[in-house]
Amino acid sequence: MEVDTNDEYFTSYENLEIHEIMLTDTARNEAYRKAITTNSSLFNGKVVLDVGSGTGILSIFAAQAGASQVFAVEASNLAKLSQEIIKENNFENVIKVFNCRIEDFQLPESVDKVDIIISEWMGFYLLHEGMLDSVLLARDRFLKPGGLLFPDRAILYCSPCNLPTHFDNWDNVSGVKMSKYAECLRKQKSSKPEIINIDKDCLIADDIVIAFLDLSDISTTELNRIDFNEVIIARKSGKFQGLCIWFDVLFPCGDDNEEEVILSTHPQAQSTHWKQTIIPLPSNIETFEPLDPIAFKLIVQRNPENSRHYHLLLEILDAMSDDVQHPLPCECHMTKCILTKAHLANMTDSNGFENA
Ligand SMILES: C[S@@+](CC[C@H](N)C(=O)[O-])C[C@H]1O[C@@H](n2cnc3c(N)ncnc32)[C@H](O)[C@@H]1O
C-alpha cells in the first residue's frame, strides 16, 4: 500500500467519529447500497474505482454487486483500517486499497481504464469540501468513454422558509419580554449559514432548482460560481425568515426492472447527516400569501483562498419593482453569509463534525 502525505483536510478524515456519522446515516448508506447492489447487471465483471473509499463500504457494495476488481483510493490513513474491514468481509481478492490521493493515483499497468467510478463526495449544501473536483479529475483520467459514475447527477435546491424555533416566541420568556434580545440574535445568526433539520412545513415555496449538475460532462470551473436570480411564487402563507438549501443526487440504473435511486436531503425525506443548510435573514422581509411573488438572488461562489469552501451570498430583491435586479437599499434586507471552516467549527457542538 502506497502512503501519501496528509494535509489538514485528510487528517480530519482520520477521526473515526466522522466516519461513524456517515456509517450511521442509514438514508445515505441504503441509497448507495441499493443503487449499487440492485444494479448488479451494471457491476457484474466490471472494473470499479472508488474515489475516497474511507472505510471501504462502497467498495464492498461494488464487490457484492459482482465487480471483478475494485480500486479503493483513500488519502487518509483510514486506508489501513479499511484493508482489515475488506478482509473481514472476504473481499481482499477483489478490492485493492491504495493509500494516496486520487490526484497521485495510477492504475496498475494491466488496466487501461475503469468501467465505473463510485464516490461519496457530497458536503453541506452539496459543494462544501470541494471533493467533487477530485471525482471529476478521476473521471477525466481513468473512466472509459461511456463509463458510469455513481452518482451521475446532482441537483441543488432552495426555498424561502420560516424559522419559528429561531425567531418567534421571544415575547414571553418566563414572563419577561425578550424582543430586543431576539433582534440581536437574528442579526448574529444571519452572518453565517446553519446546518439544521427543518420541518417541511416551514418551506413557503415549491422546491426551486438552483443548479442541475450532469457529472458526466461538468467541469470544475463550472463549480466555481452558481448564480440564481429569479422571481418565484409563494405557495402558502408564512414569514420569509431564511433560505433553506438542500440537494439530491441520482444514480444510473440498468435495464432489468432496476429502479432509479435518488438520495435526497429534502426536509421531507429521511433525515441525513447533511441536514439542510439555512441562511437566516436578519429580519422578516414580510409575510407572504399564496401566489405572492418573492424575489432574491443567491450566489454560491468558491472561496478563492480555499477551494474547499464557498461563500453563500443572499440578496433579497423587491419583487414588485420594475426591475428586480435592483436590491432594496435597506441593509436589513440584505444578508451576506460566508461559511468557513471556523464557522463549521462553531457548529461542532450541535453537529459534531466538520466535514460531511
Ligand atoms: C465523505 S467520505 C466518504 C468515505 C466512504 N466512501 C464512505 O462512503 O463512507 C470522503 C472520503 O474521501 C477521502 N478523500 C477526499 N478527497 C480525496 C482525494 N482527493 N483522494 C483520495 N481520497 C480522498 C477522504 O479522506 C474521506 O475518507
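**Exercise 1.** In this predicted model, find which residue of β3 stands opposite V70, and work out how β2 is linked to its neighbouring strands.

*Solution.* Next, look at the whole pairing: β2 and β3 (residues 95–98) run parallel and are joined by four bridges. To get from β2 to β3, follow the chain through helix α6 (residues 78–88); this β-α-β crossover is right-handed. Now turn to β1 (residues 47–51), which also runs parallel to β2, with five bridges between them. Here D50 is found opposite A72 of β2. Together with helix α5 (residues 57–64), β1 and β2 form a right-handed β-α-β unit.

**Exercise 2.** Decide whether the residues of β2 (residues 69–73) are buried or exposed.

*Solution.* Sort the side chains by direction first: Q69, F71 and V73 point one way, V70 and A72 the other. Then check each group; all of these residues are buried. Because five of the five residues are buried, β2 is largely enclosed by the rest of the structure.

**Exercise 3.** Classify S271 as buried, partly exposed or exposed, and list its contacts.

*Solution.* Locate S271 in the loop between β12 (262–264) and β13 (276–280). Count its surroundings: 13 other C-beta atoms lie within 10 Å, so S271 is partly exposed. Leaving out residues up to four places away in sequence, S271 touches A27 and N197.

Definitions and conventions:
Residues are numbered from 1 along each chain as its sequence is written. This is a predicted model: local features need pLDDT of at least 70, side-chain atom pairs count only at pLDDT 80 or more; totals for chains, interfaces and linings use all residues. Helices (H or I, at least four residues) and strands (E, at least two) are DSSP runs, numbered from the N terminus. Two residues are in contact if their C-beta atoms, placed from the backbone, lie within 7 Å. A residue is buried if 20 or more other C-beta atoms lie within 10 Å of its own, exposed if 12 or fewer, and partly exposed in between; C-beta atoms are placed from the backbone. Two strands pair if DSSP finds at least two bridges between them. A crossover is right-handed if, with the strands pointing away from the viewer, the path from the first strand over the helix to the second runs clockwise.
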